[in-house]
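Student: I would like to learn how to read contacts that involve aromatic rings, and I would be glad if you took me through them with a model on the screen.

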Amino acid sequence: MTALKSDFLTVIRDRGFIHQCTDLEALDGLLSKDPVSAYIGFDCTANSLHVGSLIQIMLLRWFQKTGHQPVVLMGGGTSRIGDPSFRDEARQLMTDETIAENMAGIRKVFDRFITFGEGPTDARMVNNADWLDGLAYIPFLRDIGQHFSINRMLSFDSVKLRLDREQSLSFLEFNYMILQAYDFMELARRNGVRLQMGGSDQWGNIVNGVELARRVESIEVFGLTSPLITTASGAKMGKTAQGAVWLNADRLSAYDYWQFWRNTEDADVGRFLRLFTEIPLDEVARLEALGGSEINEAKKILAHLATSLAHGEAAALAAAETAKTVFEQGGAGGDLPTVEVSLADLKAGLSLVDMMRATGLAKSGKDVKRLVAEKGAKVNDDIVTDPTLSLTEANLKDGAIKLSAGKKRHAMVKPI
């Protein structure tokens, strides 16, 4: 393995973050000298990021921890278009108000992972609407558009796959890669940013930016991508049968987040400890070598460390205590997701289907019927045999009703 001089590249290579780099040797030389600024862009498509973005967040965290400045680029401008990369159809267009609300929610995620401020290695958050909104169309086409080959743009996988499937790609979306390249050049010009990082699906867009900065501004900048993360069984990282694994507690509780990591497949434990925690690599090697039931202890460590990063150690400890109460002692646990209902409504009777949906344990009545048929639906740990069951005051146990979907997913219904 070739020796690297810079702490950042050494750390992320050893932990499995590197997929491609435009010029690894030159970037290594740059990073080994003085603090460098690097950015990753995030469009404001929701009011939280999810686990699928976590590898990028960890890249920014390691960048700061090794003495450099991370820049978070919020796509206030590009969110109006939507990245077409590997999507079957265009994103639904959002209002400026929705974009602003989503941006505020996403900022909360980053506040837990990196430190913002005015120092040389303190993180910055910038908004590409600051320069994209003021662009004049004809000058932009003349000055920037001339550097892009339609033939080459059509060859990028993000575009080619849509066209090969004969799915519509609007001219609006087609402009996205030009705007992303312009972002890189503008950040290099305005903020001295020398590196753009992103997922492997962004490689073509990143290379466009590297070339544009060189042609227009004669600036040498670099691109680095991380691999697409899938589970050992081939599933996309961060997607579950219940939906996305959100990083903000108002979208997904700390307990459910802890459970997501606790349920990691055995074969993924070592890789996920390297990518999503800061545990030393020799300790990772020890933990991933555990066999049989001992691997569950490694999963609990992964769950604790990942949850501590995203929600704080107190929340991680509370989640672990709840899990212990629920699974090992058969209790309810104080940190389970909870839905509050009026006592009057409970006395009148609440549909099991409605409560399973309200708590997020099921998406539909069909889901509840399937759970009942498979003996996976429970009320206070008792198996439900009738999907039309009504929950009443008689079901209260210690002031609440515990609902379960299978062995690992639980929630509480509490009257107020």
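This is a predicted model: local features need pLDDT of at least 70, side-chain atom pairs count only at pLDDT 80 or more; totals for chains, interfaces and linings use all residues.

Student: Which residue lies over the face of Phe 116?

Tutor: That residue is Arg 107, placed 4.0 Å from the ring centre of Phe 116.

Student: How many aromatic pairs are there when ring is set against ring?

Tutor: With ring centres required to lie within 6.5 Å, the count comes to nine aromatic pairs. One of them joins Phe 260 and Trp 261, with 5.0 Å from centre to centre and 75° between the planes, and the pair is edge-to-face because planes over 60 degrees apart are classed that way.

Student: Are these two residues buried or exposed?

Tutor: Phe 260 is buried at a relative accessible area of 17%, and Trp 261 also counts as buried, with a relative accessibility of 0%. Trp 261 forms a tilted pair with Phe 276 as well, in which the centres are 5.2 Å apart and the planes make an angle of 50°.

Student: Where in the chain do Trp 261 and Phe 276 lie?

Tutor: Trp 261 belongs to helix H12 (residues 254–262) and Phe 276 to helix H13 (residues 269–276), so their pair ties together parts that are 15 residues apart in sequence. Phe 276 counts as buried, at 1% relative accessibility.

Student: Which residues do the ring pairs link into a cluster?

Tutor: The cluster consists of Tyr 257, Phe 260, Trp 261, Phe 272 and Phe 276, linked through ring pairs.

Methods. Residues are numbered from 1 along each chain as its sequence is written. Side-chain values use heavy atoms; hydrogens and water are left out. Rings of Phe, Tyr and Trp (its six-membered ring) pair if their centres lie within 6.5 Å; planes under 30 degrees apart count as stacked, over 60 as edge-to-face and the rest as tilted. Buried means under 20% relative accessible area, exposed over 50%, partly exposed in between (1.4 Å probe, protein chains only). Helices (H or I, at least four residues) and strands (E, at least two) are DSSP runs, numbered from the N terminus. A charge sits over a ring if NZ of Lys or CZ of Arg is within 6 Å of the ring centre and within 35 degrees of the ring normal.
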